[in-house]
Amino acid sequence: MIFRTFLRCLTLALILTMSFNRANAQDPKKGEAIFKDNCASCHVKDMKTKMTGPALGGVEERWSKFPKKELYDWIRNSSGVLADASYKSNPYAKSLYAEYKNTNMTAFPNLTDEDLVNLLLYINNMYKDGCAAPPCKTPDVATAKGAKTETKEAGDNGSMILWALAFVLVLASILLARYINSLNRLAQQRAGESPVEEKSFLQIALNPTVVRILIFALVIVGGYTTVNNAIGLGRQQNYAPEQPIKFSHEVHAGKNGIDCQYCHDGARRSKHAVIPATNTCMNCHTAIKKGPEYGTAEILKIYAASGFNPLSGTYFKESVPTDERLAEYKKWLKEANADNKAITESEISVQLSFAKPMIGKPVNWVKIHNLPDHAYFNHAQHVTVGKVACQDCHGKVEEMKLVKQHAPLSMGWCINCHRQTKVKFDENSYYSSETKSHKMYEQYHNEVKSGKRTNGVTVEEIGGLECQKCHY
Amino acid sequence: MKRRSIINLLTISALVLLFAACQSKDNFTGREYMPDMAHSIAYEANQNTYYMFNHWGTKDDYQKFVQPRTPQDGTVAYGRTKIADSLKNDLTYPRYAFANTDEDRTKATEMITSNALKPKNAAELENVLGHGKELYEIYCSSCHGKAGDGNGKLYELGVYPAAPANFMSDQFLSSNDGRYYHAIMYGKNVMLAHADKLSHDERWKVIHYIRSMQAAKSGADYSLEASRGEKSIKPEAKKEEKKDDKKDEKKGK
């Protein structure tokens with residue numbers, strides 16, 4: 001009995017050391033290169049997440065029931081394994097094939113056995129240790145934290161100081177006035193005159209002269225603010241509504257550098273810049289399932305609205321009821337947040353409750369930049385022909401977490417820009433194409449050529465101030 | 001006299017307060033006057049034009065008007081009813097001839113051998129490439145990289161988990177245009193369809209631009225003949241590549 005356990009231990013130790021040696025003999029870096037070239041389009045690098053293809057972590061354990069050669073054949077040419085019933089792994093392969101929407105994996109007949117050993121080693125290392133060749137270097141926590149601490153916003157300290165200064169000055173002048181008053185009275189007493197009765201503060205305040213001055217000041221200040229605010233009626237500068245999904249332009253357009261027009265694809269070809277439909281979100285978020293700030297909470301809302309099932313990577317049929325969808329989402333949330341202890345059962349139910357009313361409905365984004373019905377504005381005209389940058393009118397949206405209306409969008413603002421902006425004729429196919437040429441442009445062209453005109457042509461000069469261009 | 005002046009004072013301050021509360025901020029759009037002048041009763045794209053004095057039923061009724069709608073199948077875009085002679089027998093226009101299946105993907109890759117957009121002269125080619133570059137940088141470069149090497153910012157930052165296709169690799173260099181067109185129409189792997197983002201002509205312009213990048217990488221010239229599909233850039237490109245390698249080797253030695 002003892003002998004047997006000893007033998008077992010020995011064999012185990014042998015196997016362990018052998019596997020260790022083998023691991024050292026092979027090169028996971030080579031495996032990494034192979035993975036990047038061939039596998040990374042469909043399999044996620046962390047080996048734990050499903051994408052087009054399954055999560056590869058633990059693949060050797062799953063295939064340990066079958067001969068090693070079968071796994072290699074499966075990697076090289078999966079359709080061969082599927083077609084040939086003599087493979088022991090044939091039934092398992094078929095179930096995998098069905099799970100992934102009956103799509104064949106691309107064949108890689110050129111991979112040698114050695115390549116595959118390296119590849120599998122790399123997969124295993126990534127799965128268990130999180131890097132190609134353990135021991136892994138853990139990222140320095142201190143520097144990471146240091147990078148995260150943001151510089152505190154400089155508050156309006158300046159204006160606070162000014163107000164305090166004004167307050168002190170007013171107080172000082174009131175005190176001085178009182179001192180002068182009492183000194184005067186003392187002087188009068190010395191001179192033998194009967195002193196004037198001291199007035200209370202209310203008496204001073206209700207003195208007709210004081211009231212007149214106050215009314216005058218109020219008319220001036222009140223008139224100014226009234227007129228200003230009346231002009232501002234119907235304008236929405238600084239409007240920054242909360243949106244149904246906490247979409248951050250700072251992350252998407254700023255950090256990730258996605259072009260504005262990727263989502264607002266109407267800007268170059270239509271009147272509207274277009275608030276994108278959820279299919280545009282899904283272009284990336286079929287693969288990116290967690291956000292940097294809100295984790296799964298906000299992305300779940302897109303899935304709810306578009307009817308996407310992140311577990312299977314397919315869309316729900318329209319007939320699938322809300323409860324069933326919620327059950328799937330719950331399963332997914334648990335799976336996706338398994339490594340985060342902060343996300344408890346109750347947090348998950350909160351996320352679900354926010355997503356529930358959005359299921360199967362278009363997202364009710366709040367439109368921020370609204371023009372009155374009697375004013376016409378065309379994005380294509382400004383973006384494609386005029387070559388105006390988005391930021392000129394919308395401000396630095398790529399730095400905004402919550403979009404705020406930057407410009408007043410008033411008529412004066414439009415007109416001002418049309419007066420000052422020079423038409424960009426250079427490398428502009430709109431003006432260079434023969435069909436659009438016009439006598440007016442020709443005249444300007446000749447003027448510029450002859451040196452008569454040095455300041456360029458403003459939008460005003462090509463008709464940018466004509467009433468019926470925007471009001472008709 | 002005194003009382004009247006006090007009343008005056010109060011009314012004026014009340015007026016000031018009233019107007020001070022008009023300015024838009026955060027969730028508040030600000031006040032407006034004569035809303036009938038500002039709000040459209042007709043359907044407007046992307047806009048919930050519902051307002052307080054609207055006569056069109058409840059807010060829910062109104063919101064039904066502002067939902068995105070899909071056009072009828074086979075709808076041809078405005079101004080697209082006439083087909084140019086050069087496009088008469090085109091597999092990609094006015095309707096794409098292939099479906100979103102694996103079979104059709106291989107068929108499309110085999111059958112669509114040249115770009116449907118054939119520039120007439122060098123100036124037009126330059127225009128096409130310029131526009132193609134703009135579009136490529138908007139719609140493709142975040143993933144496939146500005147140089148087309150599959151190393152776009154999203155992937156480089158580690159935000160996007162899947163490796164985007166590298167257009168400079170041999171398999172993309174030697175593959176037919178149909179492979180690109182089909183991928184734009186229906187997507188491939190985790191990439192989704194971008195047919196809604198690019199029109200027929202724009203898709204081909206982007207493919208022109210990708211081809212020109214490939215040609216530039218291998219040292220070949222993306223000439224007018226090459227862009228019209230009359231001269232293949234493939235075998236030449238490969239030869240050029242080999243030559244380059246040899247040159248490099250010589251330099252190295």
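# Close-up views of a predicted two-chain model

**View 1. The largest nonpolar core of the predicted model.** The largest nonpolar core holds 38 residues, and those with the most contacts inside it are Tyr96(B), Tyr136(B), Tyr139(B), Tyr160(B), Trp204(B) and Val206(B). Three helices of chain B, namely α5, α9 (177–186) and α10 (200–217), each supply at least two residues of this core, and of the contributions to it that of α10(B) is the most, with six residues. Apart from this core lies another one, of 31 residues, which includes Phe35(A), Tyr87(A), Leu96(A) and Leu119(A). The model shown here and in the other views is predicted.

**View 2. Surroundings of Tyr160(B).** When residues up to four places away in sequence are not counted, Tyr160(B) touches Asn283(A), Cys284(A), Ala287(A) and Ile288(A) in chain A, together with Leu154(B), Tyr155(B) and Val190(B) in chain B. Tyr160(B) is also one of the residues with the most contacts inside the largest nonpolar core.

**View 3. The interface between chain B and chain A.** Contact across this interface involves 58 residues of chain B and 63 residues of chain A, and the two chains bury about 5,000 Å² between them, of which 56% is on carbon and sulfur atoms. The rule finds two salt bridges across the interface, and a salt bridge joins the side chains of Arg268(A) and Glu202(B), with an N to O distance of 2.5 Å. Polar contact is found across the interface for 13 residue pairs, with both residues at pLDDT 80 or more. On the side of chain B that touches chain A, at least two residues each come from α1 (2–20), α2 (35–38), α5 (122–139) and α7 (153–156) of chain B, and α1(B) gives the most, with nine residues. The residues of this side of chain B divide into 29 nonpolar, 17 polar and twelve charged.

View 4. Chain A contains 23 helices and two strands, and buried residues make up 31% of its 472 residues. Helix α4 (residues 68–76) is mostly covered, since seven of its nine residues are buried, namely Glu70(A), Leu71(A), Tyr72(A), Asp73(A), Trp74(A), Ile75(A) and Arg76(A). These buried residues pack against α3 (59–62), α5 (78–83), α6 (90–99) and α7 (113–128) of chain A.

View 5. Asp73(A) forms a salt bridge with Lys69(A), and the closest N and O atoms of the pair are 2.8 Å apart. Because they are four residues apart in helix α4 of chain A, Asp73(A) and Lys69(A) are separated by about one helical turn. Asp73(A) is buried, its relative accessible area being 14%, whereas Lys69(A) is exposed, with a relative accessible area of 55%. A network of salt bridges links Lys69(A), Asp73(A), Arg76(A) and Asp113(A).

**View 6. The pair Glu298(A) and Lys301(A).** In the salt bridge that Glu298(A) forms with Lys301(A), the closest N and O atoms are 3.1 Å apart. The two residues are three residues apart in helix α15 (residues 297–306) of chain A, so about one helical turn separates them. Both Glu298(A) and Lys301(A) are buried.

**View 7. A salt bridge between two helices of chain B.** The closest N and O atoms of the salt bridge between Asp177(B) and Arg211(B) are 2.8 Å apart. Asp177(B) lies in helix α9 of chain B and Arg211(B) in helix α10 of chain B, so the pair ties together parts that are 34 residues apart in sequence. Asp177(B) counts as buried, at 7% relative accessibility, and Arg211(B) is buried with a relative accessible area of 7%. Over all chains, a search of the whole structure finds 15 salt bridges.

View 8. Glu32(A) has its place in helix α2 (residues 28–39) of chain A and counts as buried because its relative accessibility is 17%. Leaving aside neighbours within four places in sequence, Glu32(A) is in contact with Tyr122(A) and Ala132(A). Cys470(A) is found in helix α23 (residues 467–470) of chain A and, at 27% relative accessibility, counts as partly exposed. Not counting residues up to four places away in sequence, Cys470(A) touches His374(A), Ala375(A) and Tyr376(A). Although Cys470(A) and Tyr376(A) are 94 residues apart along the chain, their C-alpha atoms are separated by 4.7 Å.

How values were computed. Residues are numbered from 1 along each chain as its sequence is written. Chains are lettered from A and ligands numbered from 1 in the order in which they are written. This is a predicted model: local features need pLDDT of at least 70, side-chain atom pairs count only at pLDDT 80 or more; totals for chains, interfaces and linings use all residues. Side-chain values use heavy atoms; hydrogens and water are left out. Contact means heavy atoms within 4.5 Å. Buried area is the accessible area (1.4 Å probe) that two parts lose on being put together, summed over both. A salt bridge is a side-chain nitrogen of Lys or Arg within 4 Å of a carboxyl oxygen of Asp or Glu. A polar contact is a pair of N or O atoms within 3.5 Å; within protein, one must be able to donate a hydrogen and the other to accept it, and residues adjacent in sequence count only if both atoms are side-chain atoms. Ala, Val, Leu, Ile, Met, Phe, Trp, Tyr, Cys and Pro count as nonpolar, Asp, Glu, Lys and Arg as charged, and the others, Gly among them, as polar. A nonpolar core is a set of buried Ala, Val, Leu, Ile, Met, Phe, Trp, Tyr and Cys residues joined through side-chain atoms within 4.5 Å. Buried means under 20% relative accessible area, exposed over 50%, partly exposed in between (1.4 Å probe, protein chains only).
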